[in-house]
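Subject: Structure handover

Hi,

Here is the structure for you to look over. My notes on what I found follow below it.

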Amino acid sequence: MAIQAHFKPRPSDILLLTSPKSGTTWLKALSFATLHRHSFSLSDHPFLTNTPHQCVPFLERFFSHRTIPNLNVLPSPTIFATHLPFSLLPQRALRCRIVFLWRDPKDTFVSLCHFLDRWMGSSAEHTSTTQGLDLSKAFQMFSQGTSAFGPFWDHVLGYWTESLRSPEMVLFFRYEEMIEDAVSHLRRLAQFMGCPFSMEEERDGVVDDIVQLCSFDNLREVEVNKDNKGSFEEKRPPASSFFRKGKVGDWVNYLSMEMAEKLDAITKEKLHGSGLTF
Ligand code: A3P
């Protein structure tokens, strides 16, 4: 409600939109490193001492202290991130550019279970039913649309529809495609954010450097991202819980064929006629 009433982004600001566990951390890293590439060298980069979530905080964080933040004092453009569904995003936010990232719901769901399980203090790494989180119960809820920030498919379709209406304002990415070709996605991201790579930068390998800096293998090894401390009560997940495997298709190790077919069928049905292919 506070965001709806008081979030007034400037047209220059950039909004990163994702469902939880779709690759938000990666998108934050790539966009921050790209936008601020002229301010830092690789040897003194903020990512050496800050998590991507510290560099690009969630919008919700700004509004969580019962005071209305003055976001105008932030540098322009500022990158904000949020998981808000389209239906809850204030209309004013549509004046700034939105990057939406989604991911195969099977991997999103598996990633979410591990994340919550880690955060709540137990590990679902090797079993499908753990003390902390019952995978089949969680699966039932996810497939019925009971998810934080609303049903997964509504979340995707809300922003997909807006991207069709305003393609110049909404950039639509998919995690699996980014994994396949991070370089060309980064070029599109830079272009979209209004800071395209120059010929010199291309020649000097700046695009590859940013992809490498933000890669799963690189970020996971940075000390600040290895931190295991967190608190469920204080809504602080451990930094390390954002870096699990970073792979496509890991669902195969946790979901039965029946579960996978069920999620695929829901996805096909929900996306049918939208023009969004799966
Ligand atoms: P897995 O749990 O499948 O490994 P989010 O950032 O939205 O919370 O999503 C977390 C997922 O993104 C996790 O997926 C995590 O490992 C993966 N991830 C984090 N950083 C990444 C990176 N730099 N490159 C690719 N995937 C990354």
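Start with Phe-149, which is partly exposed at a relative accessible area of 31%. The scale, with a 1.4 Å probe and protein chains only, is: buried under 20% relative accessible area, exposed over 50%, partly exposed in between. Phe-149 sits in the loop between H6 and H7. Its phi is near 70°, a positive value in a residue other than glycine.

Two points on the source. This is a predicted model, in which local features need pLDDT of at least 70, side-chain atom pairs count only at pLDDT 80 or more, and totals for chains, interfaces and linings use all residues. Residues are numbered from 1 along each chain as its sequence is written, and side-chain values use heavy atoms, with hydrogens and water left out. Helices (H or I, at least four residues) and strands (E, at least two) are DSSP runs, numbered from the N terminus.

**Other backbone points**

Lys-235 also has a positive phi, about 60°, and is not a glycine. Lys-235 lies in the loop between helix H12 (216-220) and H13. At 59% relative accessibility, Lys-235 counts as exposed. The peptide bond from Ser-76 to Pro-77 is cis, with omega near 0°. Pro-77 belongs to the loop between H4 and S2.

**Strand S1**

S1 covers residues 14-18, and five of its five residues are buried. In a regular strand, side chains alternate between the two faces of the sheet. Here both faces are covered: Ile-14, Leu-16 and Thr-18 are buried on one side, Leu-15 and Leu-17 on the other.

S1 has two parallel partners to look at. Strands count as paired if DSSP finds at least two bridges between them. With strand S2 (residues 79-82), S1 forms four bridges in the parallel sense. Leu-16 stands opposite Ala-81 there. With strand S3 (residues 97-102), S1 pairs in the parallel sense over five bridges. Thr-18 faces Leu-101 in that pairing.

Ser-31 is in helix H2. At 0% relative accessibility, Ser-31 counts as buried. Beyond residues up to four places away in sequence, Ser-31 touches Leu-16, Ile-79, Leu-189 and Met-193. Contact here means heavy atoms within 4.5 Å.

Helix H9 (residues 182-192) buries Ala-182, His-185, Leu-186, Leu-189, Ala-190 and Phe-192. Seen down the axis of H9, these fall within an arc of 160°, so they line one face of the helix. That arc is taken from the directions from the helix axis to the C-beta atoms. The buried residues of H9 pack against helix H2 (24-35), S3, strand S4 (170-174), helix H8 (175-180) and helix H11 (206-213). Just after H9, Gly-194 takes a positive phi of about 85°.

**Cores**

A nonpolar core is a set of buried Ala, Val, Leu, Ile, Met, Phe, Trp, Tyr and Cys residues joined through side-chain atoms within 4.5 Å. The largest has 42 residues, and Phe-7, Leu-15 and Phe-109 touch the most other members. Elements giving two or more residues to this core include S1, S3, helix H5 (105-119), helix H6 (135-143) and helix H7 (152-165). H7 gives the largest share of this core, six residues.

Phe-109 is in contact with Leu-135, Ala-138, Phe-139, Phe-142 and Leu-255, leaving aside its neighbours within four places in sequence. Apart from this core lies another, of 36 residues, among them Leu-30, Cys-55, Leu-186 and Met-193.

**Thr-51**

Thr-51 is in the loop between H2 and helix H3 (52-55). At 10% relative accessibility, Thr-51 counts as buried. Leaving aside neighbours within four places in sequence, Thr-51 is in contact with Val-224, Asn-225 and Ala-239.

**Ligand**

Which residues come nearest to the ligand? Of the 17 around it, they are Lys-21, Thr-24, Thr-25, Ser-111 and Lys-245.

A polar side-chain atom of Thr-25 lies 2.5 Å from an oxygen atom of the ligand. An N or O atom in the side chain of Arg-244 is 2.7 Å from an oxygen atom of the ligand. A polar backbone atom of Cys-214 is 2.8 Å from a nitrogen atom of the ligand.

Best wishes

Methods. Near = heavy atom within 4 Å. Polar contact = N/O pair within 3.5 Å; in protein donor to acceptor, adjacent residues only side chain to side chain.
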